[in-house]
Amino acid sequence: KASTAKTKTAIHARLAEGFELDDFKIVIDKKCAEWIGTEMQKYLRPETLFGTKFEGYLNAKQGRNDTHAGTESDFHSARKYGNYI
């Protein structure tokens, strides 16, 4: 849930580091495109996405769906799993 203390803490910590809303969206999009349909899908949660590896996720090259990155389908999948902010 976006309203839990744990989620808010992670989001506020990243904001305090200077990250912006678009950075959160990029991480959500990248990780959804990479992890949906894999064993990693279970980690599509705020504590993982917005935790201490956030900057690494933001700067990482796209994973398994690299050739399809940024497609309309990826965008909608990310929005389904990523409405944390």
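Analyst: Happy to! The secondary structure of this protein consists of five helices and zero strands, where helices are DSSP runs of H or I with at least four residues and strands are E runs of at least two, numbered from the N terminus. Along the sequence the pattern reads α-α-α-α-α.

A word on the source: this is a predicted model, in which local features need pLDDT of at least 70, side-chain atom pairs count only at pLDDT 80 or more, and totals for chains, interfaces and linings use all residues. Residues are numbered from 1 along each chain as its sequence is written, and side-chain values use heavy atoms, with hydrogens and water left out.

Of the 85 residues, 35% count as buried, meaning under 20% relative accessible area with a 1.4 Å probe, protein chains only. Among contacts (heavy atoms within 4.5 Å) between residues at least 6 apart in sequence, 74% join residues at least 24 apart.

Now to the aromatic pairs. The whole structure holds five of them; rings of Phe, Tyr and Trp (its six-membered ring) pair if their centres lie within 6.5 Å, and planes under 30 degrees apart count as stacked, over 60 as edge-to-face and the rest as tilted. One of the pairs joins F19 and F54 edge-to-face, with 4.9 Å centre to centre and 75° between the planes. This pair links distant parts of the chain: F19 sits in the loop between α1 (5-16) and α2 (21-35), while F54 belongs to helix α4 (residues 54-59), 35 residues apart. F19 counts as buried because its relative accessibility is 13%, and F54 is buried too, with a relative accessible area of 1%.

Another pair is formed by W35 and Y57, also edge-to-face, at 5.8 Å centre to centre and 85° between the planes. Here again distant parts of the chain are linked, with W35 in helix α2 and Y57 in helix α4, 22 residues apart. Both W35 and Y57 are buried.

Returning to F19 and F54, they belong with F24 and F50 to one aromatic cluster.

Finally, how confident is the predictor? The mean pLDDT (the predictor's confidence in each residue, from 0 to 100) is 83, and 72% of the residues reach 70 or more. Over residues 66-72, however, the pLDDT is below 50, and beyond near neighbours in sequence this stretch has four contacts in the model. Where pLDDT is low, the predicted coordinates should not be read in detail.

Note on methods. Buried < 20%, exposed > 50% of the residue type's maximum accessible area, 1.4 Å probe, protein only.
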